[in-house]
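Dear colleague,

Please find below the structure that I am handing over to you. My notes on it follow directly after.

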Amino acid sequence: MRMQDAVNVEDFRRLARRRLPRAVFDALEGGAGDEVSLRRNRAAFDRIEFRPRPLADVAKRDLSTTVFGERLSMPIMLAPTGASRLARSAAEIAVARAAARADVVYMQSTVAAFPLEDVAASSTGSLWYQLYLPPDRAGLGDLLRRIAAAGYRALAITIDTSILGNRERDTRNRLMSRPPRPRIVLQGAGKPAWATDFLRGKADYLRGRLGTAPPDAPSQLSLDQTRDTIMAASDCVTWEDVERVRALWTGPLIIKGLMRGDECDRLVEMGVDGVVVSNHGGRQLDGVPATIDVLPEVVDAAAGRLTVFLDGGVRRGNDAAKALALGAAGVFVGRPYLYGLAAGGEAGVVRMIELLREELDRAMALLGAATVADLDRTLVSGARVPGAPGPAGR
Ligand SMILES: Cc1cc2nc3c(=O)[nH]c(=O)nc-3n(C[C@H](O)[C@H](O)[C@H](O)COP(=O)(O)O)c2cc1C
């Protein structure tokens, strides 16, 4: 199959699996422990059913929405993924350009191959920034000033990585070991297109072909550095940290990784603007519920005071429609765009986004929802809505 023939995210997944060395594919694809939460994220979407209202007039449809005062072409966005460079050496720069071309929000990860200024300079689109706090909190003010000066519009603090999850696929593959294990080298040699890009990427960047960084700009291009950044990033974030960031960051502030409703009041009191219901794509605490099963609880607890987003397991526009119907203001996808990036670089990410857009548009038409605001809870059944009757309620 060629990229042009891919008709859905699963096709992009197959293309990515074919292009990447096994250990690299595992690193992007895998979850924590027994991968129970990873599977739950998907299974829970499949359990939810649509209840269409087909007589509504859907001849004209509008997928746009407004979030934090910003008009978005659609409520599907790109989640932060560290180590995107494993998929393609152009990494965050390719993703940011694709997001701008497709007119969707890209939330860039702290664990990036390029300086945040480079990514911002390469894109005309709407960029948000995902923050892992620097271990030395004294540097926080400077970092937040850099993020704001570069033009990132919203900031998300990820709270579910006090330490790194138990990614057994990575432990087994020992992807990051130095020197690389012979098996990894052989796997790389067996995927020459990937290996050439991976090795050339650093040289290209240093020659200044990508980005606009001064030659001495900090970059985190090597796997060693990526590993170090991930380790450093895995740090306890506390309520005091949220307070500290809130005092320094004037734009919209989001907490990413909330998995229960009873923390919403305190977040509202602290002046937080939004939350992402997320279990880190099943990569951190194995055993937590599917995010779509927690979403109604958080939406109800937020009671309109927080903008609620969701990520985890969204593989179809139809999944996005279900989350929006259950009260999400928007959804993020992680692995789907990494598949697009691996399969076709910037063009692959654009195509993947357009497939999701077409699916969301079709789902809305067939549901009888002409606008995003028309997507409401009456359009779905089988969700875990607090207080709802029936076996699915709790
Ligand atoms: C390879 C990979 C790297 C990730 N890196 C980060 C990260 O650096 N920061 C973060 O907040 N979340 C990170 N995440 C989690 C995503 O932001 C998101 O929560 C998750 O991928 C959503 O699930 P999905 O992949 O099923 O769409 C990562 C996920 C993957 C798959």
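**The ligand and its surroundings**

By class, the shell around the ligand is made up of seven nonpolar, eleven polar and five charged residues. Please bear in mind throughout that this is a predicted model. Of the 23 residues around the ligand, those that come nearest are Pro 80, Ser 109, Thr 158, Asp 311 and Arg 315. Helix α15, which spans residues 335-367, supplies the largest share of the shell, namely three residues.

Lys 256 places a polar side-chain atom 2.9 Å from a ligand oxygen. Arg 335 likewise has a polar side-chain atom 2.9 Å from an oxygen atom of the ligand. In the case of Gly 334, a polar backbone atom is involved, and the distance to a ligand oxygen is 2.9 Å. Taken on its own, the ligand has 610 Å² of accessible area, of which the protein covers 97%.

**Aromatic pairs**

The count of aromatic pairs comes to eight. One of them joins Phe 68 and Phe 309 in an edge-to-face arrangement, with 6.0 Å from centre to centre and 65 degrees between the planes. This pair links distant parts of the chain: Phe 68 belongs to the loop between β2 (65-67) and β3 (70-72), Phe 309 belongs to strand β10 (residues 307-311), and the two are 241 residues apart.

Ring pairs link Phe 68, Trp 128, Phe 309 and Phe 332 into a cluster.

**Charges over rings**

Two further ring contacts involve charged side chains. The charged end of Arg 266 sits over the ring of Trp 239, at 4.1 Å from the ring centre. For Lys 322, the charged end sits over the ring of Phe 50, and the distance to the centre is 5.2 Å.

Which residues of helix α1 (residues 9-19) are buried? They are Val 9, Asp 11, Phe 12, Arg 13, Leu 15, Ala 16 and Arg 19. At the start of α1, Asn 8 has a side-chain oxygen that reaches to within 3.2 Å of the backbone nitrogen of Glu 10.

With kind regards

Definitions and conventions. Residues numbered from 1 in each chain as written. Predicted model: local features only at pLDDT ≥ 70, side-chain atom pairs only at ≥ 80, totals over all residues. Heavy atoms only, no water. Near = heavy atom within 4 Å. Polar contact = N/O pair within 3.5 Å; in protein donor to acceptor, adjacent residues only side chain to side chain. Areas by Shrake-Rupley, 256 points an atom, 1.4 Å probe, with all protein chains shown as cover. Helix = DSSP H or I, 4+ residues; strand = E, 2+ residues; numbered from the N terminus. Nonpolar A, V, L, I, M, F, W, Y, C, P; charged D, E, K, R; others polar. Phe/Tyr/Trp six-rings, centres within 6.5 Å; stacked < 30°, edge-to-face > 60°. Lys NZ or Arg CZ within 6 Å of the ring centre and 35° of its normal. Buried < 20%, exposed > 50% of the residue type's maximum accessible area, 1.4 Å probe, protein only.
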